[in-house]
Amino acid sequence: MSIQQPNKIFFCNYWVTYRCNSKCEFCKIWRDTNLQSLSDAKVSEVKINLHDLKKMGVKIIDFTGGEPLLNRDLPQILSYAKKLGFFIKLSTNGLIYPERSQELKDLPNRIYFSLDTINQNEYKKIRGVEGFDKLLESIGIAKKLGQEICLLYTVTDENIKNIENIVNFCQKNKTTIYIHPCFSYFDNKELNKKNISIIKKFFWKPYVRMSLPQLEFHYRGGNEPQNPSCRVGISTIDISPDNCLTIPCFHKNVKKVKINGDLYSIYNSSEWNELFKMAGRYDFCKNCTIDCYFGLSYSDRLLQYFFKQNLSYFKNFIEERRRK
Ligand code: SF4
Ligand code: SF4
């Protein structure tokens with residue numbers, strides 16, 4: 001019997017640890033004793049998977065967590081991924097970046113630092129730990145090192161009041177910010193639809209990035225299980241620190257499949273379609289808006305990439321001239 005070749009996977013969320021040094025009020029990762037008991041991703045296993053991800057067509061890997069910088073072997077992992085030619089994204093809260101910045105220099109293509117307030121007290125309330133000064137220090141160091149960075153502002157109904165201040169802060173510091181709506185996972189509330197229009201008002205501001213198709217998708221109510229837009233298993237996958245595929249996705253994990261060095265074989269077997277056939281179709285997938293799993297089509301992505309790139313240069317150019 002011939003096996004149907006799966007689509008090329010484009011994006012991988014690689015969870016290199018679930019440990020975290022923050023205690024964000026909206027997050028359960030640091031509270032979940034099962035997740036916290038897992039060891040960090042091992043270099044030997046990651047290397048094998050990276051080769052397989054390459055064969056599967058993956059172009060972009062987001063190394064994430066927990067706090068990925070807590071994995072001591074992260075520089076080795078990123079350096080191997082870089083050698084294989086992946087576009088490397090690194091998502092961090094920035095708390096220990098000042099200590100590790102030299103080891104990580106020139107490895108990620110882009111680092112995302114989370115920023116949802118520019119008020120120290122509010123930072124502590126949201127993140128559960130002191131750290132705002134460290135975050136600012138991290139941003140400064142990364143910029144000095146010539147590292148491409150992007151701040152990541154996850155908008156909630158509570159912190160949307162900060163949008164103007166945050167955008168001003170980014171313009172003043174000439175730092176790009178990606179604004180995206182909070183999605184519902186772990187019992188937290190997703191952004192109220194009426195706040196989407198507030199976000200959109202900032203679209204033309206210099207240094208601001210956002211995905212209009214994504215905002216529209218959120219506004220329209222997200223995924224429909226009868227006609228799913230979810231790309232899990234089609235263009236996106238998750239790999240956990242204990243070297244498993246989390247099925248269908250990290251946020252709603254119903255099954256784990258141990259990889260054991262066989263990622264490419266699993267991908268090429270009939271098991272793959274079986275594992276992911278329900279992605280986007282489960283009851284819990286109704287209205288899902290978890291943005292990393294709703295990639296646009298390849299041509300839309302290209303169009304949006306060029307549109308956003310050109311627009312970004314244009315917006316930043318105008319801003320620079322205005323400030324002279
Ligand atoms: S930094 Fe990320 S993983 Fe850590 S507690 Fe906050 S949201 Fe969760
Ligand atoms: S629709 Fe959402 S919850 Fe369902 S598989 Fe996709 S990302 Fe996961």
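This report describes the fold, core, selected elements and ligand surroundings of a predicted model.

## Basis and overall content

In this predicted model, local features need pLDDT of at least 70 and side-chain atom pairs count only at pLDDT 80 or more, while totals for chains, interfaces and linings use all residues. Residues are numbered from 1 along each chain as its sequence is written, and chains are lettered from A and ligands numbered from 1 in the order in which they are written.

The chain has 12 helices and 10 strands, taken as DSSP runs numbered from the N terminus (helices: H or I, at least four residues; strands: E, at least two). Of its 324 residues, 35% are buried. A residue is buried if 20 or more other C-beta atoms, placed from the backbone, lie within 10 Å of its own, exposed if 12 or fewer, and partly exposed in between. Among contacts between residues at least 6 apart in sequence, 75% join residues at least 24 apart; a contact requires C-beta atoms, placed from the backbone, within 7 Å.

Strand 1 (residues 11–15) has five of its five residues buried. Phe11, Asn13 and Trp15 point one way, and Cys12 and Tyr14 the other. In a regular strand the side chains alternate between the two faces of the sheet. Strand 1 runs parallel to strand 2 (residues 60–64), with five bridges joining them, and Asn13 is opposite Asp62. Strand 1 also pairs in the parallel sense with strand 8 (residues 236–239) over four bridges, where Phe11 has Thr236 as its bridge partner. Pairing requires at least two bridges found by DSSP.

The largest nonpolar core holds 71 residues, and those touching the most other members are Cys12, Val58, Ile61, Leu78, Ile88, Val155 and Ile177. Such a core is a set of buried Ala, Val, Leu, Ile, Met, Phe, Trp, Tyr and Cys residues joined through C-beta atoms within 7 Å. Beyond its neighbours within four places in sequence, Cys12 contacts Leu53, Val58, Ile61, Ile237 and Ile239.

## Helix 5

Helix 5 (residues 120–127) has Tyr123, Ile126 and Arg127 as its buried residues. They lie on the same side of helix 5 because they cover an arc of only 80° around the axis, taken from the directions from the helix axis to the C-beta atoms. Helix 6 (132–144) is included in what covers them. On the other side of helix 5, Asn121 and Lys125 are exposed.

## Two loop residues

Leu107 lies in the loop between helix 4 (97–104) and strand 4 (110–114). Leu107 counts as buried because it has 20 C-beta neighbours inside 10 Å. Leaving out residues up to four places away in sequence, Leu107 touches Pro75, Leu78, Ser79, Lys82 and Ile88.

His251 sits in the loop between strand 9 (244–248) and strand 10 (253–258). With 16 other C-beta atoms within 10 Å, His251 is partly exposed.

## Ligand surroundings

Ligand 1 is surrounded by Cys20, Ser22, Lys23, Cys24, Cys27, Ile29, Trp30, Gly65, Gly66, Glu67 and Asn93. A residue is near a molecule if its C-beta atom, placed from the backbone, lies within 6 Å of it. This shell divides into five nonpolar, four polar and two charged residues. Ala, Val, Leu, Ile, Met, Phe, Trp, Tyr, Cys and Pro count as nonpolar, Asp, Glu, Lys and Arg as charged, and the others, Gly among them, as polar.

Around ligand 2 there are 15 residues, of which Cys230, Cys249, Cys285, Cys288 and Tyr293 come nearest. By class, the shell of ligand 2 has 11 nonpolar, three polar and one charged residues.

Note on methods:
Two residues are in contact if their C-beta atoms, placed from the backbone, lie within 7 Å.
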